[in-house]
Amino acid sequence: MATNAQDWNNTVTLGVGGGNLSDGNGEVVFYTLDASGDVSYRSGFVLEYDLSLLRAEPGDITGDTDGSMIGLAPRYRFGSGFSAGAYLENATVAATGLSIDTEATSYGLTAGYETGPWSFSAFYGISDTEGALPDGSDVTDYGLGLTYILSDRVTLAANTIQTRADTSGGDGDADLYQFAATYQINQSWGLFGGASFGSVDTPTEDGDISTFGIGGSYYFGDTFKVPLTASLEYARSNLDSSLGDGEMNTVRFGLTIPLSGSGTYLPLNSVAGGVINSRRSAISSGAVSAF
C-alpha cells in the first residue's frame, strides 16, 4: 500500500521529562514515545495514525504508571474539500502502585472540510470502558476542531471535546477546550505554546484541570544536515477538585524525527503537539496534554 501512496508523512518524538508535585508530594520522571502520520492515495483515500506511550516513575509512590494510546482514522477526501471517515482508538492506563488498570476503546465517524488555510473537523462516537466505570455504562464522545495556517510560519489550532457517561450511579460529563499556536522564527528556530482546560462533573465528585505549556525548538537539518529537531518545554498543570487541589510543574525535552515526507518540526510530546494531534476523548486528550 505504501508504494502506491501519493504522499506519506510520518513523525516520531522521543521525550523525557521531570517535574515536582505540590504540597511536598515528591517528584516524577516520565518517558514518552509519540508517533503521528498519514498516508494519502491518488484515489482520495487517507489513512491517519497516532501512537503514544508513557511511563511515569513517581519518586514517593511504589510502582510505576504505564499508559498507551493507539489510533487509526481512515477517511475519504472529496474534490469539493469535504471528507468523511471513521476512527478507532484504544487507550490504557496501568498504575501498579495505585492498583489502577483501565482500558477504553473508542470508535465513531468523522467529517471534515478544508478550504485555503482553514481546516475544520468533527467527530461523534462511543467508548467501551473496562475498569473505570460500572458494567453497562454508555459513553459518548463528540467534538469539533479548527486549524488555521496564518502563514508559512504561523499555525493556530483549537478543539472542543465532550465525553458523556450514563452509568448506574448517574450521569457524568467531561469537557475539554484546547488551544495551540506555533511560530517558525526561521528555518532552524521555532516557538510553540498550548493550553488545555478540562472539567469533570459526576454525581460523587467534580473538578477542573488545566495545563499550560510553552517551549522552543531547534532544527539541525540546515546546520548539521541531520533531520532532527530538539525541543525544550516548560509546562504547568493545576488541579482543583472536590477531592483536593494540586499542581505539577514539568520540564520536557524531546527529539523529533520526520521519518518520511514533510513530517513536522513540532514536538509531539508538547502541549501544543497534543492539541494539534488531539485524540477523540476528553479524558485521553487531557492526559496527553498533561504529559
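These legends accompany close-up views of a predicted model.

**View 1**
The C-alpha atoms of Ile276 and Ala158 are 7.8 Å apart. In sequence, 118 residues separate Ile276 from Ala158. Ile276 has a relative accessibility of 32%, so this residue counts as partly exposed.

**View 1. The tilted aromatic pair Phe82 and Tyr113.**
The whole structure holds 11 aromatic pairs. One of them joins Phe82 and Tyr113, with ring centres 4.5 Å apart. The angle between the two planes is 40°, and the pair is tilted. Phe82 belongs to strand β5 (residues 82-95) and Tyr113 to strand β6 (residues 100-115). The pair therefore ties together parts that are 31 residues apart in sequence. Phe82 is partly exposed because its relative accessibility is 47%. Tyr113 is partly exposed too, with a relative accessible area of 27%.

**View 2. The edge-to-face pair Tyr87 and Phe123.**
Here the ring centres of Tyr87 and Phe123 are 5.8 Å apart. Their planes meet at 85°, so the pair is edge-to-face. Tyr87 sits in strand β5, and Phe123 sits in strand β7 (residues 118-130). The pair thus ties together parts that are 36 residues apart in sequence. Both Tyr87 and Phe123 are buried.

**View 3. An aromatic cluster of three residues, Trp118, Phe120 and Tyr148.**
Trp118, Phe120 and Tyr148 form one aromatic cluster. Rings count as paired when their centres lie within 6.5 Å.

**View 4. A nonpolar surface patch.**
The patch has an area of about 700 Å². Its residues are Val16, Val29, Tyr31, Ile214, Leu232, Tyr234, Val251 and Phe253. Strands β2 (27-41), β13 (229-241) and β14 (244-260) each give two or more residues to the patch. Val29 is placed in strand β2. With a relative accessible area of 32%, Val29 is partly exposed. Patch residues need over 30% relative accessible area, and Val29 has 32%.

**View 5. The salt bridge between Arg55 and Asp66.**
The count for the model is 7 salt bridges. In one of them, the side chains of Arg55 and Asp66 meet at 2.7 Å, N to O. The pair links distant parts of the chain. Arg55 is in strand β3 (residues 45-58), Asp66 is in strand β4 (residues 65-77), and the two are 11 residues apart. Arg55 counts as partly exposed at 34% relative accessibility. Asp66 is also partly exposed, at 28%.

Side chains of opposite charge can pair when their charged atoms come close. Asp173 forms a salt bridge with Arg164, and the closest N and O atoms are 3.6 Å apart. The cut-off for a salt bridge is 4 Å. Asp173 is partly exposed, with a relative accessible area of 31%. Arg164 is partly exposed at 24%. A salt bridge also joins the side chains of Asp175 and Arg164, at 2.8 Å, N to O. This pair links distant parts of the chain: Asp175 lies in strand β10 (residues 170-184) and Arg164 in strand β9 (residues 154-167), 11 residues apart. Is Asp175 buried or exposed? Asp175 counts as buried because its relative accessibility is 18%. Shared partners join Arg164, Asp173 and Asp175 into one network of salt bridges.

Strands β11 (residues 189-201) and β12 (residues 206-219) pair in the antiparallel sense over 13 bridges. They form a hairpin with 4 residues between them. Asp201 has Asp206 of β12 as its bridge partner. On to the next pairing. β12 and β13 are antiparallel as well, over 13 bridges. Which residue of β13 is the bridge partner of Tyr218? The partner is Ala230. In a regular strand the side chains alternate between the two faces of the sheet.

Terms used: Residues numbered from 1 in each chain as written. Predicted model: local features only at pLDDT ≥ 70, side-chain atom pairs only at ≥ 80, totals over all residues. Heavy atoms only, no water. Buried < 20%, exposed > 50% of the residue type's maximum accessible area, 1.4 Å probe, protein only. Phe/Tyr/Trp six-rings, centres within 6.5 Å; stacked < 30°, edge-to-face > 60°. Patch = residues over 30% accessible without salt bridge, like charges linked within 9 Å, V, L, I, M, F, W, Y side chains within 5 Å. Areas by Shrake-Rupley, 256 points an atom, 1.4 Å probe, with all protein chains shown as cover. Pairing = 2+ DSSP bridges.
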